[in-house]
Amino acid sequence: MPNRSPAKALLRPTATLLLGSVVLAACGQKTPQTTLNPASESTRAIYNLSELLFWLGVVVFLIVQTWLIVSIIKYRQKDSSQVPTQIHGNTKVEIAWTIVPAIIAIVIFVFTFDTIRKIEFMPDEAAGNTLNVKVIGHQWWWEFQYPDIKDASGKPLVTANELWIPSGSYIDVKMTSVDVIHDFWIPGLAGKRDVMPNRESGLWFKADDVADGAPGVFWGQCAEYCGGQHAYMKMRVVVASPADFQKWSTEQSQVAVNTTLPESFTKNCIGCHAVRGTNSAGITGPDLTHFGGRMTIAAGTVDNTREHLYAWLDDPDAVKRGNIMTTAIKADTLTEAEINELVDYLESLNPGTSVKGQQ
Amino acid sequence: MATDVSTLHHAPAKQRRGWLEWITTVDHKKIGIMYAVTAFLFFVIGGLEALLIRLQLGSSQNAILTPEAYNQVFTMHGTTMVFMAIMPVNAGFMNYFVPLMIGAGDMAYPRMNAMSYWLLLFGGIVMYSSFVFGGGAPDAGWFAYAPLTSTTYSVTRGMDYWVLGLQLLGVSSLAGSVNIIVTIIRLRAPGMRFNRMPLFVWMSFVTSFLLIFALPSITVGITLLFFDRNFGTNFFLPAAGGDPLLWQHLFWFFGHPEVYIMILPAFGVVSEMLPVFSRKPIFGYEFVAYSGVAIGVLGFTVWAHHMFATNLGVIADTFFAAASMLISVPTGVKIFNWLATLWRGELRFKTPMLFSLGFIAMFVIGGISGVSLAAAPFDLQVTDSYFVVAHFHYVLFGGAVFALFGAAYYWFPKITGKMMSERIGKWHFWILLLGFNLTFFPQHMLGLQGMPRRVWTYQQNQGWDFYNLLSTIGSFCIAFATLVFIVNFIISLRKGAPAGNDPWDAATLEWATTSPPPAHNFDVEYIVHSRRPLWDNKYSGEGRGMTINYDFHPHLPPPSFAPIIFSFGLFVLAYGMLNLASAPLIGIPIILVALAIAFVGMNRWVGEIAQDPVL
């Protein structure tokens, strides 16, 4: 980063240490959804602003608490008959401590405004290097559409709960909801944006470059309380190198790798789920065309393994209580044989380019 | 008036005994006590809900509560603490002490005052009865964002109970505010000019105006919501062209001033306690008073900072960020004046003083995180995360609740005539300070680590277990501290040392009368000559702070059944409204009965007003 002042050069690592390392090291646990590890231009701008806020906050905190503690020590009552000098006030002092907070507020405002400008307006250079993504919120899962990428039938590519994007491109996200208000939040890549049923909201971000064959995985989650399973409305965002993304999107545009639907699928699933290349074209639930390559089941509720998928199909209510699939699939709806058949089929829907199993 | 003064002084018209005395009282002091006790009970209930929340979040993937139960519990925790604990405990202290501090005999409208209390109690009962009759409590969060509140997504009757409970609480607050304002404007003792009023009275005055201007917005909002849920309208339903964002504007135009409605009275009591225990006047009285007014006015220009994530656009973001940051200026002025009040004082660390100092230390942390949240881009990362939960608990618990516990210790001797135990009080303070910070400080970290608020559980692989565990341990320290307070309260009520009129060597008029004060508050009329009438009489010479008019004829209205009957009518009306759309054959008769009850109350009320002497 050019033009960095020495003070800033010193502050930056210290703040990172305080804000980040101490926080993380305190328990030695990985926090994959942290806001403290920005990996896009906009989250880095926000992070820089939060550093300023943090340091000004530290200064104000120290001034007030020191003043308080010094007063407590210095002026504790020594003689109960003593009446201290009755000071009623001092206008000059009042003016001073009106102006000083005002100056601090102005400083914060200037940097805030600058940051608003940086994260809200998409730069001109984005033209020609933009990928459009449409986010659709559902209780309690995410639908992602790529208007620029067409599937085999010429419709926009659709996927669910796992958003792949190319690094280095401007991602122009438009969002809306089919039911209540949700909020699209991937702390590493962008701030929050409400996903509302009657209007289109939007944001953009540009993820930092990643190497070929080494896609980065970012965790995200619905941040606006949206009813029963708000806690399990999660998503993964996979930032791939442009070449990897190209490979992924080419694969995803194809019909499913296995278009022979098992009977139990036809009987139980096609009303709500779509598998491209078959007659399964439901739209209530997530598109399952390339389900086998996804990282998670039920919007980040569990990792996508055979065991978890078996448990999910056996009794979805036990895995994610109250989710909408439970209206069709109860604990005794499917036989063991049917579940095994469905697990085999769904896990076979993996076109190859996948980060399944990666954290 | 040729009334016999002595009868008025010592035997106000027919006094009722036992529980009827409380049911029929129009004495602002008894009403104040009922307010505070009721609010404390709701505080305990809201606190138990908080413990359930913390138990569930104590470790990842806990199953103590189902998601449905968790969502009801956190909704009721917020609603209870805001509307049924902090607001009414403020109202209780205002009721008891505003008339005493300005040298008045009662509130301007004693019967309406009783009505305000009964509507608080009934509003709380309506809301909590949803657990039993509504098929479930409200479950859409305390700010109840549409369309989650619609019958499609909130399928129990809980939200209807929520609306009707809030309507009763709203009437209660509105009537209470009018009463406080008129009392302050009309009933000040001679010489008690506005610029001599105690700062608690100032802040009560500002708070009451905030309520009057803010409440209509939520009243409109919840009325429209009730129509949407019951009568087929579509104000907030997008499918039919309604707008969920309209709800957010209506709610937060109330909701942000509401924050100051909760915190300004706390600023007021701290501005009373700090000078008394520093044995100095408040530093910069005018600045402390007027900064409160400034906060109140600016408080109406910042509501959309709760909505930065809704994509308001650059211009709105900029405006609301700037306005919100501006509030830090008058707030900073207050903090500096409090600190300057300590400077060169003779500080006595009695329990009320400890809570006042704790208030400053904790509130500053909430203020710092508050300014950060005003920076819209930072807000986009931490809003709706546990960072915000930490922030507003530092403001409302570290701020308001600490100050109000201080006020309880400060004024308990006046209310009961007995001192609270200092020893137990200090245990209470230190355990609470520790527990509070242990509970809420780690939540800043959780928010920065990406934990959203209002999640009923989280997974182990998120790495949030450790801070959540700390927070849960802290919450039990808070519960224990509250238990210590209750023990102290009971012990002190039974065998506290006699307080005398003026145990803290204080400055304001409530300490010039006996503890507890007589029904008519003062045997004489005080003519006020300074801001600290009692102090100046003690330390500058008799007559310097105030002089006495013995030719004084206090008037007290007799006890009355009218307020509780009228309020009970409105209480029944709520249940009629609940059934109006779903079962009109039940709802309409209930409504008619309710109106009849209210009419009986009103009729008695009017008859009693006619018998009041003309003053």
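Here is a short walk through this predicted model, point by point, from the place where its two chains meet to a few single residues.

1. **Where the chains meet.** Let us begin with the interface. In chain A, 98 residues are in contact with 98 residues of chain B. The area buried between chain A and chain B is about 8100 Å². Carbon and sulfur atoms give 65% of that buried area.

2. **Polar contacts and the elements behind them.** Across the interface of chain A and chain B there are 30 residue pairs in polar contact, with both partners at pLDDT 80 or more. Which elements of chain A give two or more residues to the side that touches chain B? The helices α1 (6–25), α2 (41–74) and α3 (91–120) do, along with the strands β6 (182–186), β7 (190–195), β8 (201–206) and β9 (216–221). Of these, α2(A) gives the most, with 16 residues. Sorted by class, the side of chain A that touches chain B has 48 nonpolar, 34 polar and 16 charged residues.

3. **Salt bridges between the chains.** How many salt bridges are counted between chain A and chain B? The count is two. In one of them, the side chains of A:Arg321 and B:Glu68 meet at 2.6 Å, N to O. A salt bridge also links B:Asp243 with A:Arg199, and here the closest N and O atoms are 2.6 Å apart. B:Asp243 sits in the loop between α7 (199–230) and α8 (244–278) of chain B, while A:Arg199 sits in the loop between β7 and β8 of chain A, so this pair joins two chains. B:Asp243 is partly exposed, at 23% relative accessible area, and A:Arg199 is partly exposed too, at 29%.

4. Over all chains, the structure holds 23 salt bridges. One pairs the side chains of A:Glu41 and A:Lys206, at 3.3 Å from N to O. A:Glu41 belongs to helix α2 of chain A and A:Lys206 to strand β8 of chain A, so the pair ties together parts that are 165 residues apart in sequence. Are these two residues buried or exposed? A:Glu41 is partly exposed, with a relative accessible area of 34%, whereas A:Lys206 is buried, at 17%. The cut-off to keep in mind is that buried means under 20%.

5. **A salt bridge within one helix.** Now look at A:Asp114 and A:Lys118, whose side chains meet in a salt bridge of 3.1 Å, N to O. Why are they separated by about one helical turn? The reason is that A:Asp114 and A:Lys118 are four residues apart in helix α3 of chain A. A:Asp114 is partly exposed at 24% relative accessible area, and A:Lys118 is partly exposed at 46%.

6. **A network in chain B.** Salt bridges can also link several residues together. In chain B, a network of them links B:Arg279, B:Asp502, B:Asp505 and B:Lys538.

7. **Cysteines without disulfides.** How many disulfides are there over all chains? The count comes to zero. A:Cys222 has the sulfur of A:Cys226 as its nearest cysteine sulfur, 3.8 Å away, and is in no disulfide. A:Cys222 is buried, at 0% relative accessibility. For A:Cys269, the closest cysteine sulfur is that of A:Cys272, at 8.7 Å, which is too far for a bond. A:Cys269 also counts as buried, at 13% relative accessibility.

8. **B:Asn90, a buried residue.** You will find B:Asn90 in helix α4 (residues 67–101) of chain B. With a relative accessible area of 3%, B:Asn90 is buried. A polar atom of its side chain lies 3.2 Å from the backbone oxygen of B:Met262. Not counting residues up to four places away in sequence, B:Asn90 touches B:Ile261, B:Met262, B:Pro265 and B:Leu404.

9. **B:Ser271, another one to look up.** B:Ser271 has its place in helix α8 of chain B and is buried, at 3% relative accessibility. What does its side chain reach at 2.7 Å? It reaches the backbone oxygen of B:Phe267. Leaving aside neighbours within four places in sequence, B:Ser271 is in contact with B:Leu199, B:Ile282, B:Val288 and B:Trp338.

Key:
Residues are numbered from 1 along each chain as its sequence is written. Chains are lettered from A and ligands numbered from 1 in the order in which they are written. This is a predicted model: local features need pLDDT of at least 70, side-chain atom pairs count only at pLDDT 80 or more; totals for chains, interfaces and linings use all residues. Side-chain values use heavy atoms; hydrogens and water are left out. Contact means heavy atoms within 4.5 Å. Buried area is the accessible area (1.4 Å probe) that two parts lose on being put together, summed over both. A salt bridge is a side-chain nitrogen of Lys or Arg within 4 Å of a carboxyl oxygen of Asp or Glu. A polar contact is a pair of N or O atoms within 3.5 Å; within protein, one must be able to donate a hydrogen and the other to accept it, and residues adjacent in sequence count only if both atoms are side-chain atoms. Ala, Val, Leu, Ile, Met, Phe, Trp, Tyr, Cys and Pro count as nonpolar, Asp, Glu, Lys and Arg as charged, and the others, Gly among them, as polar. Buried means under 20% relative accessible area, exposed over 50%, partly exposed in between (1.4 Å probe, protein chains only). A disulfide is a pair of cysteine sulfur atoms within 2.5 Å.
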